[in-house]
Amino acid sequence: MFRQHQSIRTNLRRLLSNTQPGENVRPLEGVKVLDLTRVLAGPFATMILGDMGAEIIKVERPGAGDDTRSWGPPFVGDESAYFLSVNRNKKSVAVNLKDPRGAKIILELAGMCDVLVENYLPGKLDQMGLGYDDVHKAAPRLVYCSISGYGQTGPLSQRPGYDSIASAVSGMMHITGPEDGDPVRPGVAMTDLATGLYAHGAIMAALLQCHRTGRGVHIDCNLLSTQVACLTHIAANYLNAGKEARRWGTAHESISDGVS
């Protein structure tokens, strides 16, 4: 499935064929996205772009592909339901980014695309010659979106990002669960999903900016900042009134008397 072909460049150009506008043109019809992400936050963001009409080229590891292809059961054919849930409307190609020839292919693809989305540990793609500065030289109009655990700079930037850890560090778990019980992880990876939504929104805004200025931008999305932002009134209560948050079960501290 992931076998590399000698005619890979020809196949990639075929995958990136121009779309023909029809009667019902979707918002991102004609926009091409190079998807270097895996697991959840990044694939969720690019899937939304695909739902809006963008052409998504998903780059996967030769031999294994996206980590979530093997997450299951259940499986649908050879693919996990998890993988399928965040990777519809995409075309996959296998490229070894650690091979200089693979990195060259990515640069060529970037020059054909409008958006690149990646969720590698900050600095890893720079080592392969595929960081923002390298890609910007080859594709100055490209919108380059990086998704990480703690941002591209700062003391925590080199830590890998996991939904549950960001949920705990941000305080999300502290306010989730039974009133007299332990902190609880939400039933789905809300930090990852919210980060994907923030990334999608930032990409849409950057595409509009690029249309106006002709210049691409580097977007920095991360799990921790996203989850802190999603604390909304909980954070405001503490910052403005010094009120410490706690768990309320199914009740709402602001609009109820605490009866669940």
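**Close-up views of a predicted model**

**View 1. R246 lies over the face of W248, at 3.9 Å from the ring centre.** A charge counts as over a ring if NZ of Lys or CZ of Arg is within 6 Å of the ring centre and within 35 degrees of the ring normal. R38 is placed over the face of Y120, with 4.4 Å to the ring centre. This is a predicted model, in which local features need pLDDT of at least 70, side-chain atom pairs count only at pLDDT 80 or more, and totals for chains, interfaces and linings use all residues. Residues are numbered from 1 along each chain as its sequence is written, and side-chain values use heavy atoms, with hydrogens and water left out.

**View 2. The protein chain as a whole has 10 helices and 8 strands.** Helices (H or I, at least four residues) and strands (E, at least two) are DSSP runs numbered from the N terminus. Of the 260 residues in the protein chain, 45% are buried; buried means under 20% relative accessible area, exposed over 50%, and partly exposed in between (1.4 Å probe, protein chains only). The protein chain exposes about 13900 Å², with 54% of it supplied by carbon and sulfur atoms. Accessible areas come from the Shrake-Rupley method with a 1.4 Å probe, and for residues only the protein chains shown count as cover. Among contacts (heavy atoms within 4.5 Å) with a separation of 6 or more in the protein chain, 71% join residues 24 or more positions apart.

**View 3. The structure holds 2 aromatic pairs, and one of them is formed by W71 and Y82.** Rings of Phe, Tyr and Trp (its six-membered ring) pair if their centres lie within 6.5 Å; planes under 30 degrees apart count as stacked, over 60 as edge-to-face and the rest as tilted. W71 and Y82 are edge-to-face, at 5.0 Å centre to centre and 75° between the planes. Because W71 lies in the loop between strand 2 (55-60) and strand 3 (75-76) and Y82 in helix 3 (residues 81-85), the pair ties together parts that are 11 residues apart in sequence. W71 is partly exposed at 38% relative accessibility, and Y82 is partly exposed at 30%.

**View 4. The rings of Y132 and Y144 form an edge-to-face pair because their planes are at 80°, with the centres 5.6 Å apart.** Y132 belongs to helix 6 (residues 132-138) and Y144 to strand 7 (residues 143-148), so the pair ties together parts that are 12 residues apart in sequence. Y132 and Y144 are both buried.

**View 5. D134 is located in helix 6.** The relative accessible area of D134 is 30%, so D134 is partly exposed. Leaving aside residues up to four places away in sequence, D134 touches L107, D126 and G129. The C-alpha atoms of D134 and L107 are 8.6 Å apart in space, and the two residues are 27 residues apart in sequence.

**View 6. A189 sits in the loop between helix 7 and helix 8 (190-213).** With a relative accessible area of 10%, A189 is buried. A189 touches L40 and D163, not counting residues up to four places away in sequence. S167 is 22 residues from A189 along the chain, and their C-alpha atoms are separated by 8.9 Å.
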